[in-house]
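Here's a quick tour for anyone meeting this structure for the first time. Have a look at the model below, then read on.

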Amino acid sequence: MADKKIFIFDTTLRDGEQVPGCKLNTKEKIELALKLEELGVDIIEAGFPISSPGDFESVEQISKTLKRATVCALSRAVQKDIDVAGAAIKHARNPRIHTGIGTSDFHIKSKFNSTREDILQRAVQCVKWARNYTDNVEFYAEDAGRTDNEYLAQVVEAVIAAGATTVNIPDTTGYCLPNQYGDKMLFLVNNVSNIDKAVLSCHCHNDLGLATANSIAGIVGGARQIECTINGLGERAGNTSLEEVVMVIKQHKHLGFYTDVKSEMLNPMSRLVSDIMRMPVQPNKAIVGSNAFSHSSGIHQDGFLKDALTYEIINPEEVGAGGSRIVLTARSGRSALAHRLQKLGYQFNRNDVDVLYESFLKVADLKKEVQDEDLTQLATAYQPEAIMAS
Ligand code: KIV
Ligand code: ZN
């Protein structure tokens, strides 16, 4: 059976930009939107036009600029919001409105002081209103992660009947476990009579560090779109990280999915977003962290130098990471030392390396990382007439 395409819905410019300190101006948003389009994402959520005149302008300009990707504008289930979203995406080649309302009892009672029946009606009305502007309407059931499945199925069926072509099932609070989130999707696939008329979408937050696992469980359960951000940026602990889901899908081909994202652009894209948003990436971040392809312990370095596959499941070139790095520290072993000396042009036999290793450890215990200059000093002091290989 042919692999199934997973639509990548990037929300770096909307949910990602909600991060304190990450606000972007229109020029920066356009620059990122163009790069995201080049990266191969299918849908770009460009902003929340009613939220400010600046965001309206950004969504409008991005709509005028992009050639291939769908441009999506967020709105609440409020007519005025939807009108403004509709106006902002008017010039897009492929426009989408993303509208919705909270469906969990927490939202229905505490936020809206309402009832399930009333919320269902408002959900239907907002989708119908959005259809005045475009045929491509996505509905979000906010806090679907904590919404009762039976009620959620009723809402999903009603909004699809009203014209929603994508239905987003957000785990807004990052509460679900992967099996719960996957089962939720499966429940909807099995209990919504018109489910074949819409795409189910995963939108997971990372409050418990489960956003990527939940999104993957979601597609296994039947969803065909993942909402995610570069570097996992987003409200609180962030959203599903785009680079992670793309590479999980690529690495685990047996799942039977693919995306159109160009994986070799992932690291340059991560750096661009980090620079423009002035938000550093944690060094141990999967795929794009500065240590993602660094090896520092002796056991790992020895194995890696014999065969990279022993400690690397991804070729760094495949994600545009430049290459692997052997970091020399007090935890490094003789083979890493010998390898680096050789790279620096020194030829030492095994006994020489054994002796040099003792001096190396003394330096390494004093420093976090031993640099090439340190090794050159050691090698020169040990055997000033050491034969240079080249
Ligand atoms: O987390 C969430 O529920 C959202 C919606 C607005 C889609 O970001
Ligand atoms: Zn969100």
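## Around the ligand

Ligand 1 sits in the largest pocket. A pocket here is an open set of points on a 1 Å grid over the protein atoms alone, with protein on both sides within 12 Å along at least five of seven lines, and a molecule sits in one if more than half of its atoms lie within 2 Å of its grid points. The model is predicted, so local features need pLDDT of at least 70 and side-chain atom pairs pLDDT 80 or more, while totals for chains, interfaces and linings use all residues. Residues are numbered from 1 along each chain as written, chains are lettered from A and ligands numbered from 1 in the order written, and side-chain values use heavy atoms, leaving out hydrogens and water.

So who's next to the ligand? With a heavy atom within 4 Å counting as near, the shell is made up of Arg 14, Asp 15, His 98, Tyr 140, Glu 142, Asn 168, Pro 170, Thr 172, His 203 and His 205.

| Side chain | Distance to an oxygen atom of ligand 1 |
|---|---|
| Thr 172 | 2.7 Å |
| His 205 | 3.0 Å |
| His 203 | 3.1 Å |

On its own, ligand 1 exposes 260 Å², and the protein buries 92% of that (areas by the Shrake-Rupley method with a 1.4 Å probe). Two elements each give two or more residues to the shell: strand E6 (137–142) and strand E7 (166–171).

## The whole chain

Zooming out, the protein chain has 14 helices and twelve strands. These are DSSP runs, with helices (H or I) of at least four residues and strands (E) of at least two, numbered from the N terminus. The C-alpha atoms fill a box of roughly 85 × 40 × 40 Å along the principal axes. Of the 390 residues, 53% count as buried, meaning under 20% relative accessible area, with exposed being over 50% and partly exposed in between (1.4 Å probe, protein chains only).

Most residues other than glycine have a negative phi. Arg 278, though, has a positive phi of about 50°, and Ile 287 has one near 70°. Arg 278 is in the loop between helix H10 (266–277) and strand E11 (294–295), and Ile 287 is also found between H10 and E11. Buried or exposed, what is Arg 278? Arg 278 is exposed, at 64% relative accessible area, whereas Ile 287 is buried, at 10%.

Key:
Polar contact = N/O pair within 3.5 Å; in protein donor to acceptor, adjacent residues only side chain to side chain. 1 Å grid on protein atoms, 1.4 Å probe; cavity = no way out; pocket = protein on both sides within 12 Å on 5 of 7 lines; lining within 4 Å.
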